[in-house]
Amino acid sequence: MPEDYRQWYTMMEVEFGTRFSKLFRGPAWSGCNSSDFNYPAKARVNVAAISHTTVTHDLKKSKYTVTSEIQETALQDLKKANPNGRFWLKLDATDIKPALQESVKGVWNGDCDIHDGALNKLRKEYVKRTDDLIHQSPKDLVKNFKEDATFLLDNLNKAVDLYKKKSDDETSSNEKLKELNWEVVEYTTLLSQAQQFKEQYEKTISMTKSDALRVHRGLLPDLRTYLRNLFKKKRQPAATHVLVIMLSNEKRVTKPYAQPIQYIAYHNIKDDQVRVFTTKIKKLMVEMDMKCVGTVTDGEFSKLRTIGEDKTPTHLAQLIKEARASVNVAVSTLKKMIIKTGETADGQPITEKTSVVPAHVIIKLDNLLHVDNLAWIDALKTIRGDLFRTNYKPKTWREHLDESEKEMLQSIIGQYKLAAVINHWITKGRDFSAHVYIPAIDPVTKEVHREQEDENHLMKRIAKHVRDGQVPDIDFGRFHEAMLDDDTVLTEAALLGQRRQNVGDAERLLSHSVADFFLKKGYTNEEYFVRTVALWHEATDGRGMSQDERRDANLRMLKMIMTNWMPWYEEDPDLRNIDINIRLKGIMGFSRETILGVTANIESQEFRRGENAEFGPEHPRAGSTDDVECFFSLLHRMTGGAHVTLKDFKYNWQKLTIQFSVRMDPNLPFYVWTLSERFSLEDQPSFDILPEDQEGENGQRLTRLHCLGHRSREKSSVTVGRSTIAASHTLSVRAAFFRKPVGLPSVPPQFQM
């Protein structure tokens, strides 16, 4: 069979499954007499092709694997297709159905594995206890059962305590309580079995060897079942998410430009653990002479955007955090940093402890105490009030609480500590007085490494803050007015957030059409906010904006945030004067993660724009995780959607990574074209260029974000014929009836708590 035909057929089967092969190849020997099997002349064939079994064997022989190790072959293919590429590491997770499975051959599936050795250690223990059970001595078995009983009793007590805690919580669902009750039942049952096995094997110690062996053989089937169930408890919790890591070319001019290279199955994962995985990938990229320019994740890994891999602070928020932490000492120590104890020959004040407090502040405090004869607390209040402009009321050390003597000292000294730290970093070439975020030099690549958050995640989060009424000086009721207007694309689903993970609904809520409506109605605050967010989103996700327009939109968003963070930002943007007691949570009504993500993204993008002369512009969407979302959509299409276990994921991971690599081959002997992409053998035109078919009259743009659509059924201004419009994403009554999920069975009465 020609290799190009074999390669094409394999891709078709991977894309469409056995449905394609059945129609394309025909039934072959299906329905024939058994005597005719494997006899070519008797086969019923449409087009000669390899079998599904052969395709599966071909995939297994590939260098791509189903394991969670780095796919080095993928990196090699990506390097070959993009020899001069500069790549982003893109990380995003999808949820999977938790399921701890064990095959007939003893293969485990569904386990968390964050490459810390815990799973391998547990697997070795399981193999040791289950292999050659017949030759294990009764004394060793009794010892194991004692250890099992201790483990099971400890976890039984935890399960009981958790059940009681949840049962006292009125918000706990019946299904959750039932699940916790079953957990108690299972630990109770296993504990009882461990104790019974222990007693039975203790009796065999005093038996003859032959009698003990006879008893042992009789217990083996139950013992194997017990061990399988015991280790299922030790393997808990099951993996609930899979983190996929992809590499994507920052230019995105030739499709495909992204390649999945690793996955991590986890239940809970921390920022530092994510760094361990990305560090290994970067080391491998350095060995292969591949340039890594940054990492993009979603909001849960916000620490990545505040501190570099070598512990270098990258965000102003981290400097503020460290400044506040540095003054968390005793009152007596703080006083030694600010009270004058003498002076030098040139008149400079001396304090008992080395201090960052300026000399003029120490002198003024001394004068207030000894010249003006103010009380200590009154003198501190005067110094505290001089920290900022006269029309600004400083935030207190603890939010909404009056400051004590210690807290006033902490606020004063901490404020000057921040200024001193910023001055220190300025000498190192990192000017935090002018930038909220500055990327650090990566210790692996020895080059600047930018950290960003996926912009679409941020857009959805900002929309949530608006819906929750958290944004100051914004009347949410006016969005309801916009929803009723025919000229806006705002729907009730977008207004109320009925589909929280829908980016399109966030775009409709914060769209140019809604801003135009507010402008027409004279709602100044609402128009400015919505227009600012819409332009910021367009700067990253919109086509046809020049580099200057994208920069202006970014800086407008940054200015809106910083003016709320530091009210005098427009007159004096020196960030050394920012109030260290302002909490990030609540700035513009946003969460801490939103502020970190938006400010880091803007500063990172503008830093990269400054490198355009050297490297050329990067694609505006380079720092988003849309590539990973595309991978997930393909995965869900292949597996049937929501019911994806880790076993299903592994099976399809290998097929998908192979096909991503095949499509990246510049010498592919056939064309690959799907409905969701524009086919082109040449480089794509710049995203900054507005296509001719999207140019409207009077300079109006007809790009996607300026012409958002909506379903007539969802638009409140449609008053006639709504009931006859088909509803999207709904099941028929019959389908909903037969697909209704089934919960856990009821706990038997004797086990109910």
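In which sense do strand 9 and strand 10 pair, and over how many bridges? I began my notebook with this question, keeping in mind that I am looking at a predicted model.

**Entry 1: the pair and its hairpin.** I looked up strand 10, residues 448-453, and found that strand 9 pairs with strand 10 in the antiparallel sense, over two bridges. I noted Val448 of strand 10 as the bridge partner of Ile441. Between the two strands of this hairpin I found six residues, and among them Lys446 takes a positive phi near 65°.

**Entry 2: the other partner of strand 10.** I then turned to strand 6 (residues 291-297), which runs parallel to strand 10 and is joined to strand 10 by four bridges. Here I wrote down Gly294, whose bridge partner in strand 10 is Arg450. I also checked how covered strand 10 is, and five of its six residues turned out to be buried.

Entry 3: Stepping back, I traced an open sheet of six strands with mixed pairing, in the order 5-4-1-6-10-9. Strand 5 (258-266) and strand 9 (440-441) are at the edges with a single partner strand each, so one side of each has no neighbour in the sheet. As a reminder to myself, strands of a sheet pair through backbone hydrogen bonds, either parallel or antiparallel.

**Entry 4: helices on the sheet.** I looked next for helices against these strands, and saw that helix 22 (residues 592-609) packs on the sheet, where it touches strand 1 (86-95) and strand 10, its direction making about 140° with that of strand 10. Helix 25 (residues 646-664) lies across strand 4 (241-249) and strand 5, and runs at about 165° to strand 5.

**Entry 5: the cores.** In the largest nonpolar core, which has 80 residues, I found that Phe479, Leu510, Phe529 and Trp565 touch the most other members. Helix 14 (residues 405-427) gives this core its largest share, nine residues. A second, separate core has 42 residues, including Leu75, Leu243, Met288 and Val672.

**Entry 6: a pocket.** Finally I looked at the second largest pocket, whose volume is about 880 Å³. Its lining has 32 residues, and Val66, Val107, Trp108, Asn109 and Lys650 lie nearest its centre. Which helix supplies the largest share of this lining? I found that helix 25 does, with six residues, while strand 5 is one of the elements that supply at least two.

How values were computed:
Residues are numbered from 1 along each chain as its sequence is written. This is a predicted model: local features need pLDDT of at least 70, side-chain atom pairs count only at pLDDT 80 or more; totals for chains, interfaces and linings use all residues. Side-chain values use heavy atoms; hydrogens and water are left out. Two strands pair if DSSP finds at least two bridges between them. Contact means heavy atoms within 4.5 Å. Axes are lines fitted to C-alpha atoms, for helices over the stretch in contact, and angles run from 0 to 180 degrees between N-to-C directions. A nonpolar core is a set of buried Ala, Val, Leu, Ile, Met, Phe, Trp, Tyr and Cys residues joined through side-chain atoms within 4.5 Å. Buried means under 20% relative accessible area, exposed over 50%, partly exposed in between (1.4 Å probe, protein chains only). On a 1 Å grid over the protein atoms alone, a cavity is a set of points where a 1.4 Å probe fits but cannot get out, and a pocket is an open set with protein on both sides within 12 Å along at least five of seven lines; lining residues have an atom within 4 Å of a point. Grid points are joined across faces, edges and corners, and a volume is the space filled by probe spheres set on the points.
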